[in-house]
Amino acid sequence: MEPDQSQEASPTTEKQPGFSSNADSADLRLVRGEIPVTALIVVCLSFFERIAFNAVTSPLQNYIQNAEDDPLRPGALGLGEEIASTIISIFFMISFTTPLLAGVLADVYLGRFRTVLLSYGMYILGVFVLFMTSLPALLSRGAGLPGLIVAMVFVSCGLGAIKATIPPYLAEQCSNVNEEIVILPSGERVFVSRPATIEYTFNLYYWSSNMGVLSRIASTYLEKNVGFWAAFLVGLSSLCLGVITLLVSRGRLIEVDRQVSAIIWAARALRIAVFKRLHIPISKNEDDRSVPGSDEYIQQLKSGLKVCHAFLPFVVYWLCQAQMGTNTVSQAANMQTHGIPNDLLSVIDAFTVIIVLPMLNHMLYPWLRKLGYSCSSITRIAVGLAFESCAMAWATGVQALIYTSPPCYSRPRACAASHNGALPNDVNVAFQLPAYVFEGIGESFALPAVYDYAFNNSHQNLKSIVQGIYVLSAAFGYGISLALSPTYKDPKLLYMYAGLAGSTMLVTIAFILAFRAH
């Protein structure tokens with residue numbers, strides 16, 4: 001039975017004594033319990049990190065691509081669109097590779113609290129270097145590019161560790177939610193479900209993350225009217241608030257015991273699987289090779305790897321996401337923005353999530369469940385992938401419109417009629433908005449669902465590691481984006497967007513067929 005997130009069990013409801021959760025609750029509607037304060041603290045940690053992430057990364061395309069003397073857009077390093085998109089893709093690829101190592105650190109060695117604290121420390125160091133080297137005095141002396149490289153190394157490590165650690169840390173704060181039958185004031189008997197509470201908490205987590213995206217508004221105007229250093233200072237300040245919140249809350253957060261042997265037996269079992277052509281033994285004694293741990297551990301590992309099958313479509317999903325903070329920003333720079341910063345429009349994505357996600361949780365999902373339709377994590381992922389394809393299709397149409405518009409047609413801001421790049425093609429930037437709306441709707445369906453699916457279908461010993469494997473799909477996506485960098489220039493962009501739209505739709509269809517039994 002799918003949980004109903006639209007209604008929380010009120011503290012004033014009457015508890016039903018003496019029940020069997022398997023028998024008595026089987027036909028009852030599932031509702032979420034009260035969200036623990038510690039879960040809200042972890043949500044705040046994610047919120048501060050998202051403010052920092054968006055304040056720092058949203059100006060990067062302009063910071064790297066455009067020169068300081070660009071007549072139309074703010075800039076600093078002047079390396080061009082292809083190199084800027086390549087550098088940013090490398091940055092994100094590293095950021096999405098480190099979570100697997102961070103998952104091991106959190107699950108096996110340091111625990112979640114220490115891993116999050118270490119992540120924040122590296123994050124702050126990287127943003128501090130970026131802030132200092134973007135100051136006009138140091139930028140004019142050539143410190144910008146070296147500072148950017150050093151900053152990206154530290155930020156990518158800190159960011160990756162937070163991505164692997166925060167989602168399971170958040171769900172573990174709900175471990176003390178009591179599962180019980182309660183009677184609502186209306187007289188209805190319902191079952192307070194821990195998985196329903198976790199699902200709702202993940203939706204809250206993702207909603208608050210998109211509230212943090214709104215820092216892009218301040219960041220883009222600061223880069224344009226004050227300087228890039230001011231935008232980076234916003235991110236640095238937010239990270240400091242996050243560290244203070246983490247340290248103050250240390251004694252309250254739930255810390256699950258670490259399993260020292262988990263990664264050891266998992267690594268050895270996987271090594272044997274490679275020798276046996278990717279066949280993992282059913283039990284530790286299936287052949288003469290010694291597999292550590294119990295038969296139960298082997299089954300846990302096989303179950304965890306089965307969960308990871310659902311992550312494969314996200315390689316293409318994150319390939320599309322890679323365009324939304326790089327090439328679509330450059331696309332807007334070639335359009336008539338009427339004074340609006342060209343990297344501001346991506347905030348429409350976050351606005352869409354902020355509006356759509358509560359509507360899904362409190363209106364659409366409950367209504368569909370009453371009609372008898374399933375709203376499983378797999379279903380929501382499939383819908384999200386379909387909307388991602390729509391976003392890329394719309395971006396394709398916008399790029400075609402740019403290439404068919406004067407004054408420079410397929411060479412925007414690169415012909416004599418553009419007055420040395422000061423005049424973009426005659427297309428209103430508002431045409432970009434539906435792409436970001438489709439993107440936001442897709443995120444609202446897919447990303448909370450994949451967090452929920454990864455946590456609820458993996459064993460306690462492997463939660464951070466499975467989360468790290470999911471984030472690794474983003475690394476592969478950005479790696480492919482890096483390979484596509486030769487197409488990140490006019491007039492090849494049209495074919496790049498069209499290829500992504502078609503590929504995403506094919507992946508969506510394949511995903512639906514592969515998981516149709518779920």
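How do the residues of the lining of the largest cavity divide into nonpolar, polar and charged?

## Basis of the model

This is a predicted model, in which local features need pLDDT of at least 70, side-chain atom pairs count only at pLDDT 80 or more, and totals for chains, interfaces and linings use all residues. Residues are numbered from 1 along each chain as its sequence is written, and side-chain values use heavy atoms, without hydrogens and water.

## The largest cavity

The structure holds five cavities of 30 Å³ or more. A cavity is a set of points, on a 1 Å grid over the protein atoms alone, where a 1.4 Å probe fits but cannot get out; lining residues have an atom within 4 Å of a point. A volume is the space filled by probe spheres set on the points, which are joined across faces, edges and corners.

The largest cavity has a volume of about 740 Å³. Its lining comprises 41 residues, of which Arg50, Phe53, Asn54, Arg216 and Gln321 are the closest to the centre. The lining divides into 21 nonpolar, 12 polar and eight charged residues. Here Ala, Val, Leu, Ile, Met, Phe, Trp, Tyr, Cys and Pro count as nonpolar, Asp, Glu, Lys and Arg as charged, and the others, Gly among them, as polar.

Helix H1 (residues 37–57) gives the most to this lining, with six residues. Helices are DSSP runs (H or I, at least four residues), numbered from the N terminus. Domain 1 (23–259) and domain 2 (310–517) each supply at least three lining residues; the domain bounds come from an automatic or database assignment.

Key: 1 Å grid on protein atoms, 1.4 Å probe; cavity = no way out; pocket = protein on both sides within 12 Å on 5 of 7 lines; lining within 4 Å. Helix = DSSP H or I, 4+ residues; strand = E, 2+ residues; numbered from the N terminus.
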